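Here's a quick briefing to read with the model open beside you. Have a look at the fold, then go through the points below.

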Amino acid sequence: MRSKIVTAIVIICLLGVGVWYLNREGDQADSNSESIWYTTADIVEAIEQTGVVLEADSDFNPRDYQLAGINPTIYAINNSINHLWLYIFDDINERDEVASDGWLQHWDQPITQRLQTRNVLILQDGIAGQTTINNLINRQMNDLKSQVFGGTSDNWQVRHNLDYYRNEIRADSGKIYLDQAAIVGDEIKYLGPDLGIDQQVVTIKIQLANGSINYNYNPSFFDLKADRYYPIGYNRTIFDADPTQPLTCKISWNGNEEIMDLEPINQ
(Lines give C-alpha, C1' and ligand atoms only; values in the text may rest on other atoms or scores of the structure.)
Protein backbone atom coordinates (compact mmCIF):
# COMPACT_ATOMS: atom_id res chain seq x y z
CA MET A 1 0.00 0.00 0.00
CA ARG A 2 2.80 2.37 0.98
CA SER A 3 4.57 1.84 -2.33
CA LYS A 4 1.37 2.67 -4.22
CA ILE A 5 1.01 5.92 -2.28
CA VAL A 6 4.64 6.89 -3.00
CA THR A 7 4.16 6.06 -6.67
CA ALA A 8 1.01 8.22 -6.82
CA ILE A 9 2.82 11.15 -5.20
CA VAL A 10 5.68 10.88 -7.71
CA ILE A 11 3.23 10.83 -10.63
CA ILE A 12 1.38 13.88 -9.29
CA CYS A 13 4.70 15.74 -8.87
CA LEU A 14 5.75 14.87 -12.43
CA LEU A 15 2.38 16.01 -13.77
CA GLY A 16 2.77 19.26 -11.85
CA VAL A 17 6.22 19.84 -13.29
CA GLY A 18 4.86 19.08 -16.78
CA VAL A 19 1.99 21.57 -16.40
CA TRP A 20 4.38 24.24 -15.04
CA TYR A 21 6.75 23.64 -17.99
CA LEU A 22 3.96 23.91 -20.54
CA ASN A 23 2.65 27.09 -18.93
CA ARG A 24 6.17 28.52 -18.89
CA GLU A 25 6.62 27.65 -22.56
CA GLY A 26 3.30 29.28 -23.34
CA ASP A 27 4.25 32.42 -21.41
CA GLN A 28 7.54 32.61 -23.28
CA ALA A 29 5.78 32.16 -26.60
CA ASP A 30 3.35 34.97 -25.73
CA SER A 31 6.15 37.26 -24.65
CA ASN A 32 8.19 36.50 -27.77
CA SER A 33 5.31 36.97 -30.23
CA GLU A 34 4.85 40.59 -31.34
CA SER A 35 1.57 42.01 -32.57
CA ILE A 36 1.51 43.14 -36.19
CA TRP A 37 -0.37 46.27 -35.10
CA TYR A 38 1.39 49.33 -33.75
CA THR A 39 0.56 51.10 -30.50
CA THR A 40 0.84 54.79 -29.70
CA ALA A 41 3.97 54.04 -27.69
CA ASP A 42 5.54 52.21 -30.67
CA ILE A 43 5.10 55.18 -33.00
CA VAL A 44 6.11 57.86 -30.49
CA GLU A 45 9.26 55.92 -29.58
CA ALA A 46 10.19 55.43 -33.25
CA ILE A 47 9.70 59.14 -34.03
CA GLU A 48 11.63 60.34 -30.99
CA GLN A 49 14.53 58.01 -31.85
CA THR A 50 15.02 60.11 -35.00
CA GLY A 51 15.61 63.20 -32.83
CA VAL A 52 12.15 64.74 -33.34
CA VAL A 53 10.67 65.92 -30.03
CA LEU A 54 6.97 65.22 -29.39
CA GLU A 55 5.11 66.81 -26.49
CA ALA A 56 1.46 66.09 -25.73
CA ASP A 57 -0.60 69.25 -26.36
CA SER A 58 -3.62 69.82 -24.14
CA ASP A 59 -4.76 72.91 -26.06
CA PHE A 60 -6.62 70.68 -28.52
CA ASN A 61 -9.62 68.56 -27.60
CA PRO A 62 -9.11 65.09 -29.18
CA ARG A 63 -12.89 64.64 -29.44
CA ASP A 64 -12.99 67.49 -31.96
CA TYR A 65 -10.78 65.41 -34.26
CA GLN A 66 -12.40 62.03 -33.79
CA LEU A 67 -12.38 59.69 -36.81
CA ALA A 68 -14.50 56.52 -36.85
CA GLY A 69 -14.87 56.84 -33.10
CA ILE A 70 -11.09 57.03 -32.59
CA ASN A 71 -9.66 59.98 -30.66
CA PRO A 72 -6.16 61.00 -31.73
CA THR A 73 -3.25 61.78 -29.49
CA ILE A 74 -2.10 65.30 -30.38
CA TYR A 75 1.51 66.43 -30.06
CA ALA A 76 3.45 69.64 -30.52
CA ILE A 77 6.52 68.99 -32.71
CA ASN A 78 9.98 70.22 -31.72
CA ASN A 79 8.53 72.82 -29.32
CA SER A 80 7.03 74.66 -32.30
CA ILE A 81 3.52 75.75 -33.25
CA ASN A 82 3.26 72.71 -35.55
CA HIS A 83 1.29 69.65 -34.50
CA LEU A 84 0.92 65.94 -35.19
CA TRP A 85 -2.32 63.95 -34.89
CA LEU A 86 -1.73 60.26 -34.22
CA TYR A 87 -4.57 57.77 -34.79
CA ILE A 88 -4.34 54.10 -33.86
CA PHE A 89 -7.02 51.92 -35.50
CA ASP A 90 -7.87 48.26 -34.94
CA ASP A 91 -6.55 47.22 -38.35
CA ILE A 92 -5.81 48.36 -41.90
CA ASN A 93 -9.41 47.98 -43.06
CA GLU A 94 -10.68 50.40 -40.43
CA ARG A 95 -7.94 52.87 -41.33
CA ASP A 96 -8.77 52.63 -45.03
CA GLU A 97 -12.49 53.13 -44.41
CA VAL A 98 -11.68 56.43 -42.73
CA ALA A 99 -9.35 57.36 -45.59
CA SER A 100 -12.15 56.93 -48.13
CA ASP A 101 -14.80 58.88 -46.21
CA GLY A 102 -13.85 62.30 -47.59
CA TRP A 103 -13.40 63.61 -44.04
CA LEU A 104 -10.37 65.69 -44.98
CA GLN A 105 -12.51 68.30 -46.71
CA HIS A 106 -14.10 69.09 -43.35
CA TRP A 107 -10.79 69.30 -41.48
CA ASP A 108 -10.26 72.70 -39.85
CA GLN A 109 -6.44 72.57 -39.81
CA PRO A 110 -4.10 73.13 -42.80
CA ILE A 111 -2.81 69.58 -43.22
CA THR A 112 0.65 69.58 -44.82
CA GLN A 113 1.44 65.87 -44.51
CA ARG A 114 -0.53 62.66 -44.24
CA LEU A 115 1.20 59.36 -43.54
CA GLN A 116 -0.03 55.87 -42.81
CA THR A 117 1.44 52.50 -41.94
CA ARG A 118 -0.47 49.36 -40.94
CA ASN A 119 -3.12 50.50 -38.44
CA VAL A 120 -1.68 54.01 -38.04
CA LEU A 121 -2.71 57.37 -39.54
CA ILE A 122 -0.57 60.46 -38.96
CA LEU A 123 -1.51 64.03 -39.87
CA GLN A 124 0.71 67.11 -39.58
CA ASP A 125 -0.08 70.81 -39.95
CA GLY A 126 3.36 72.28 -40.55
CA ILE A 127 6.92 71.71 -41.68
CA ALA A 128 8.50 70.94 -38.29
CA GLY A 129 9.96 67.42 -38.43
CA GLN A 130 8.09 66.74 -41.67
CA THR A 131 10.94 65.32 -43.75
CA THR A 132 12.32 63.22 -40.88
CA ILE A 133 8.94 61.72 -40.00
CA ASN A 134 8.18 61.08 -43.68
CA ASN A 135 11.45 59.19 -44.12
CA LEU A 136 10.80 57.14 -40.98
CA ILE A 137 7.27 56.09 -41.92
CA ASN A 138 7.65 55.65 -45.67
CA ARG A 139 11.29 54.71 -46.24
CA GLN A 140 11.90 52.60 -43.15
CA MET A 141 8.56 51.29 -41.90
CA ASN A 142 6.77 51.00 -45.25
CA ASP A 143 9.85 50.18 -47.38
CA LEU A 144 8.98 52.78 -50.02
CA LYS A 145 10.14 51.97 -53.57
CA SER A 146 10.41 54.14 -56.67
CA GLN A 147 9.63 53.68 -60.35
CA VAL A 148 9.52 56.15 -63.24
CA PHE A 149 7.26 55.74 -66.28
CA GLY A 150 7.54 57.65 -69.53
CA GLY A 151 5.86 58.09 -72.87
CA THR A 152 6.10 60.19 -76.04
CA SER A 153 3.53 61.31 -78.60
CA ASP A 154 3.93 63.61 -81.61
CA ASN A 155 3.89 66.79 -79.54
CA TRP A 156 4.41 65.78 -75.91
CA GLN A 157 6.58 63.80 -73.56
CA VAL A 158 5.28 62.71 -70.15
CA ARG A 159 7.12 61.43 -67.11
CA HIS A 160 5.14 59.77 -64.31
CA ASN A 161 7.09 59.44 -61.04
CA LEU A 162 5.80 56.79 -58.66
CA ASP A 163 6.92 56.28 -55.06
CA TYR A 164 4.99 53.37 -53.62
CA TYR A 165 4.75 50.61 -51.05
CA ARG A 166 2.70 47.46 -51.34
CA ASN A 167 3.07 45.19 -48.32
CA GLU A 168 1.18 42.06 -47.33
CA ILE A 169 0.56 41.95 -43.57
CA ARG A 170 -0.41 38.59 -42.07
CA ALA A 171 -2.39 38.67 -38.82
CA ASP A 172 -2.17 36.00 -36.13
CA SER A 173 -5.52 34.67 -37.36
CA GLY A 174 -3.97 34.01 -40.77
CA LYS A 175 -5.88 36.86 -42.44
CA ILE A 176 -3.78 38.78 -44.94
CA TYR A 177 -4.10 42.56 -45.26
CA LEU A 178 -2.73 44.59 -48.17
CA ASP A 179 -1.15 47.82 -46.95
CA GLN A 180 -0.48 50.06 -49.93
CA ALA A 181 -0.28 53.65 -51.07
CA ALA A 182 1.61 55.71 -53.62
CA ILE A 183 2.86 59.25 -53.96
CA VAL A 184 2.84 60.41 -57.57
CA GLY A 185 4.29 63.35 -59.43
CA ASP A 186 3.94 64.10 -63.13
CA GLU A 187 5.95 66.17 -65.58
CA ILE A 188 5.35 67.18 -69.20
CA LYS A 189 7.50 68.50 -72.03
CA TYR A 190 6.10 70.13 -75.18
CA LEU A 191 7.75 68.99 -78.44
CA GLY A 192 5.56 70.71 -81.02
CA PRO A 193 5.49 74.18 -82.64
CA ASP A 194 4.69 77.38 -80.74
CA LEU A 195 1.05 77.25 -79.66
CA GLY A 196 0.64 80.97 -80.34
CA ILE A 197 -1.64 83.46 -78.66
CA ASP A 198 -4.68 81.18 -78.98
CA GLN A 199 -3.21 78.60 -76.62
CA GLN A 200 -5.74 77.08 -74.26
CA VAL A 201 -5.61 75.10 -71.07
CA VAL A 202 -3.84 71.80 -71.51
CA THR A 203 -5.79 68.87 -70.04
CA ILE A 204 -3.76 65.86 -68.93
CA LYS A 205 -5.34 62.58 -67.83
CA ILE A 206 -3.27 59.69 -66.47
CA GLN A 207 -5.47 56.62 -66.73
CA LEU A 208 -4.95 53.95 -64.06
CA ALA A 209 -6.51 50.51 -63.83
CA ASN A 210 -8.98 51.89 -61.27
CA GLY A 211 -9.50 55.62 -61.71
CA SER A 212 -7.41 58.42 -63.11
CA ILE A 213 -5.23 61.41 -62.24
CA ASN A 214 -6.39 64.63 -63.88
CA TYR A 215 -4.70 67.99 -64.41
CA ASN A 216 -5.77 71.23 -66.05
CA TYR A 217 -2.71 73.29 -66.80
CA ASN A 218 -2.29 76.70 -68.40
CA PRO A 219 0.73 76.49 -70.74
CA SER A 220 1.31 80.25 -70.45
CA PHE A 221 2.90 79.55 -67.07
CA PHE A 222 5.92 77.86 -68.64
CA ASP A 223 8.15 78.32 -71.67
CA LEU A 224 6.94 75.84 -74.27
CA LYS A 225 10.13 76.34 -76.31
CA ALA A 226 12.43 75.28 -73.49
CA ASP A 227 13.81 71.76 -73.76
CA ARG A 228 12.88 70.62 -70.27
CA TYR A 229 10.17 68.91 -68.25
CA TYR A 230 7.74 70.99 -66.23
CA PRO A 231 6.12 69.63 -63.07
CA ILE A 232 2.33 69.61 -63.20
CA GLY A 233 1.66 67.83 -59.94
CA TYR A 234 3.68 66.51 -57.03
CA ASN A 235 3.08 64.65 -53.78
CA ARG A 236 -0.39 63.47 -54.68
CA THR A 237 -1.32 60.40 -52.66
CA ILE A 238 -3.32 57.62 -54.31
CA PHE A 239 -4.27 54.27 -52.86
CA ASP A 240 -3.82 52.03 -55.89
CA ALA A 241 -0.10 51.29 -55.66
CA ASP A 242 0.28 48.47 -58.18
CA PRO A 243 3.41 49.31 -60.24
CA THR A 244 2.53 46.66 -62.83
CA GLN A 245 -0.81 48.14 -63.89
CA PRO A 246 -1.01 49.58 -67.45
CA LEU A 247 -0.81 53.36 -67.67
CA THR A 248 -1.96 55.60 -70.50
CA CYS A 249 -1.90 59.37 -70.80
CA LYS A 250 -4.31 61.51 -72.81
CA ILE A 251 -3.41 65.15 -73.48
CA SER A 252 -5.93 67.58 -74.97
CA TRP A 253 -5.13 71.13 -76.13
CA ASN A 254 -6.35 73.61 -78.78
CA GLY A 255 -8.85 71.04 -80.04
CA ASN A 256 -6.14 68.41 -80.44
CA GLU A 257 -5.78 65.13 -78.59
CA GLU A 258 -2.92 62.64 -78.27
CA ILE A 259 -2.77 59.38 -76.34
CA MET A 260 0.38 57.54 -75.29
CA ASP A 261 1.28 54.49 -73.22
CA LEU A 262 3.51 55.09 -70.21
CA GLU A 263 6.18 52.42 -69.82
CA PRO A 264 8.79 51.84 -67.07
CA ILE A 265 12.04 53.64 -67.85
CA ASN A 266 15.47 53.72 -66.22
CA GLN A 267 15.91 56.60 -63.81
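Two strands pair here if DSSP finds at least two bridges between them. Helices (H or I, at least four residues) and strands (E, at least two) are DSSP runs, numbered from the N terminus. What you're looking at is a predicted model, where local features need pLDDT of at least 70, side-chain atom pairs count only at pLDDT 80 or more, and totals for chains, interfaces and linings use all residues. Residues are numbered from 1 along each chain as its sequence is written, and side-chain values use heavy atoms, with hydrogens and water left out.

**Overall picture**
- The protein has four helices and 13 strands.
- Of its 267 residues, 41% count as buried (under 20% relative accessible area with a 1.4 Å probe, protein chains only; exposed is over 50%, partly exposed in between).
- Take contacts (heavy atoms within 4.5 Å) between residues at least 6 apart in sequence: 59% of them join residues at least 24 apart.

**Confidence**
- The average pLDDT (the predictor's confidence in each residue, from 0 to 100) is 82, and 79% of the residues score at least 70.
- Among the elements, helix α2 (residues 40–48) has the highest mean at 98, while helix α1 (residues 2–32) has the lowest at 38.
- Over residues 1–33 the pLDDT is below 50, and this stretch has zero contacts in the model beyond near neighbours in sequence.

- Strand β2 (residues 73–77) is largely enclosed by the rest of the structure, because four of its five residues are buried.
- On one pairing, β2 runs antiparallel to strand β1 (residues 54–56), joined by three bridges; Leu54 stands opposite Ile77 there.
- β2 also pairs with strand β3 (residues 83–88), again antiparallel, over four bridges, and Thr73 has Leu86 as its bridge partner.
- β2 and β3 make a hairpin with five residues between them, and Asn78 in the turn has a positive phi of about 50°.

**The eight-stranded sheet**
- Eight strands form an open, antiparallel sheet in the order β10-β9-β12-β13-β6-β7-β8-β11.
- β10 and β11 are the edge strands, each pairing on one side only.
- Within the sheet, β12 and β13 pair over seven bridges, with Lys250 opposite Ile259.

**Nonpolar cores**
- A nonpolar core is a set of buried Ala, Val, Leu, Ile, Met, Phe, Trp, Tyr and Cys residues joined through side-chain atoms within 4.5 Å.
- The largest one has 24 residues, and those with the most contacts inside it are Trp156, Val158, Ile204, Ile206, Cys249, Ile251 and Leu262.
- β7, β8, β9, β10, β11, β12 and β13 each supply at least two residues of this core.
- Leaving aside neighbours within four places in sequence, Leu262 touches residues including Phe149, Val158, His160, Ile206 and Cys249.
- A second, separate core of 18 residues includes Val52, Leu84, Leu86 and Leu115.

- Ile133 is found in helix α4 (residues 130–141).
- Why does Ile133 count as buried? Its relative accessible area is 1%.
- Val52 sits 81 residues away from Ile133 along the chain, with 8.0 Å separating their C-alpha atoms.
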